[in-house]
Amino acid sequence: MHDSIGIPACFSFGERPSNDAGSVIRSGQSVFMSVYQTKIVGQCRLITVTWCKNLLLHGLSICVQGPEGNQQYQCKVEMKPWYFWRKQGSKHFEVEGRAVDVVWDLKSAKFNGETEPQSDYYVAVVCGEEVVLLIGDLKKDAFRKTGCRPALIEPTLVSKKEHVFGKKMFSTRIQFHEKGKLHTISIEFINVNTNPSFSDSFDPELEMRIDGQPAIKIKHLHWKFRGNESVLISRTRLEVYWDVHDWLFGSGPRYGLFIFRPISSWSESPSSSLQSTSPTPPPSSLTSTTGMSIREVISTSGEVEHAAGSSKFCLFLYAWKIE
């Protein structure tokens with residue numbers, strides 16, 4: 001089922017970035033990508049902000065979608081570990097002949113062990129005397145430094161993509177709404193020995209927890225390696241998709257794909273803050289309770305719905321299993 005995916009590698013001076021999955025895994029690299037939709041150079045485009053980290057350095061990349069959706073314009077920043085490297089600055093690049101500046105201040109940024117900064121920083125994308133995209137919490141500092149006004153069109157966060165690595169446990173933290181709570185999602189791969197007399201008698205299971213509470217448990221994973229369920233988190237229904245076929249039947253570097261998509265806000269408070277609302281579908285079915293397949297979720301993740309309380313925002317979690 002898996003389509004090929006480009007995995008941006010952290011880059012070193014004088015080296016070309018690598019998209020090879022094996023080199024990414026050997027480097028122990030973690031990747032966090034946020035995709036925004038906003039107007040830049042006269043068109044609504046997708047801007048991808050990528051943070052990557054390995055044992056040696058941090059990397060930041062800003063990528064602007066081209067006119068046909070396939071060509072891309074890119075600006076890269078290395079966050080060098082040297083003491084004398086200035087953790088603030090700017091870089092210039094062009095999009096269809098128009099000047100675009102990336103301005104950043106990371107000198108006080110707090111990463112708290114994460115790939116993406118958690119506080120005390122800003123990264124601004126500036127075009128035509130407008131700040132078309134601004135991430136981080138030091139917004140006043142960014143406007144003062146750039147001397148530019150906010151864009152008339154507010155950028156929309158359409159998806160986040162994260163690559164994590166582990167043997168059995170995988171976790172991430174995500175905020176599904178701009179002013180919502182930060183949730184912790186953990187996924188555990190469990191090999192249950194059904195017959196201790198035979199060393200190869202295993203029936204794998206998958207257990208998912210949200211904020212420490214059990215959310216989804218999938219037994220007989222050999223038969224249910226693809227599917228979806230929905231759970232309630234506070235007043236939001238969260239559609240969860242998974243595809244772990246390559247974990248079970250693949251070889252070499254392989255990942256399981258998990259997609260988390262908030263559907264809508266519920267007017268009434270559910271009896272429990274977290275509960276499952278739909279059964280696991282048969283392995284031959286990839287269609288959710290919303291009538292969308294996992295492929296449709298992937299293909300429409302860059303769109304925005306205008307229905308009340310609903311959006312096409314998705315979190316894509318690529319869980320790389322290391323033996």
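Visitor: Does R254 count as buried or exposed?

Guide: This is a predicted model, where local features need pLDDT of at least 70 and side-chain atom pairs count only at pLDDT 80 or more, while totals for chains, interfaces and linings use all residues. Residues are numbered from 1 along each chain as its sequence is written, and side-chain values use heavy atoms, without hydrogens and water. Buried means under 20% relative accessible area, exposed over 50%, and partly exposed in between (1.4 Å probe, protein chains only). R254 has 12% relative accessibility, so it counts as buried.

Visitor: W247 is among the residues R254 touches. What is the angle between the planes of F189 and W247?

Guide: Rings of Phe, Tyr and Trp (its six-membered ring) pair if their centres lie within 6.5 Å; planes under 30 degrees apart count as stacked, over 60 as edge-to-face and the rest as tilted. The whole structure holds 9 aromatic pairs. F189 and W247 form one that is edge-to-face, 5.6 Å centre to centre. The angle between their planes is 80°.

Visitor: How many residues apart are F189 and W247?

Guide: F189 and W247 are both buried. F189 belongs to strand β12 (residues 182–193) and W247 to helix α3 (residues 245–249). The pair therefore links distant parts of the chain, and the number of residues apart is 58.

Visitor: In the pair of F225 and F249, which residue counts as partly exposed?

Guide: These two rings are edge-to-face, at 5.7 Å centre to centre and 85° between the planes. F225 has 15% relative accessibility, so it counts as buried. At 45% relative accessibility, the partly exposed residue is F249.

Visitor: How many residues of β15 are buried?

Guide: Strand β15 has both faces covered: R226, N228, S230 and L232 are buried on one side, and G227, E229, V231 and I233 on the other. The strand is largely enclosed by the rest of the structure, because the buried residues number 8 of the 8.

Visitor: Which residue of β16 stands opposite S230?

Guide: Two strands pair if DSSP finds at least two bridges between them. β15 and strand β16 (residues 236–243) pair in the antiparallel sense over 8 bridges. Their hairpin has 2 residues between the strands, and S234 takes a positive phi near 55°. The residue opposite S230 is E239.

Visitor: Which strands stand at the edges of the open sheet of 5 strands?

Guide: The order of this sheet is β5-β6-β7-β8-β9, with mixed pairing. Each edge strand has a single partner strand, so one side of each is left without a neighbour in the sheet. The edge strands are β5 (88–95) and β9 (149–150).

Visitor: Which residue in β7 stands opposite V102?

Guide: Strand β6 (residues 98–105) and strand β7 (residues 122–127) pair in the antiparallel sense over 6 bridges. In β7, the residue opposite V102 is V125.

How values were computed
Helix = DSSP H or I, 4+ residues; strand = E, 2+ residues; numbered from the N terminus. Contact = heavy atoms within 4.5 Å. Lists of a residue's contacts leave out its neighbours within four places in sequence.
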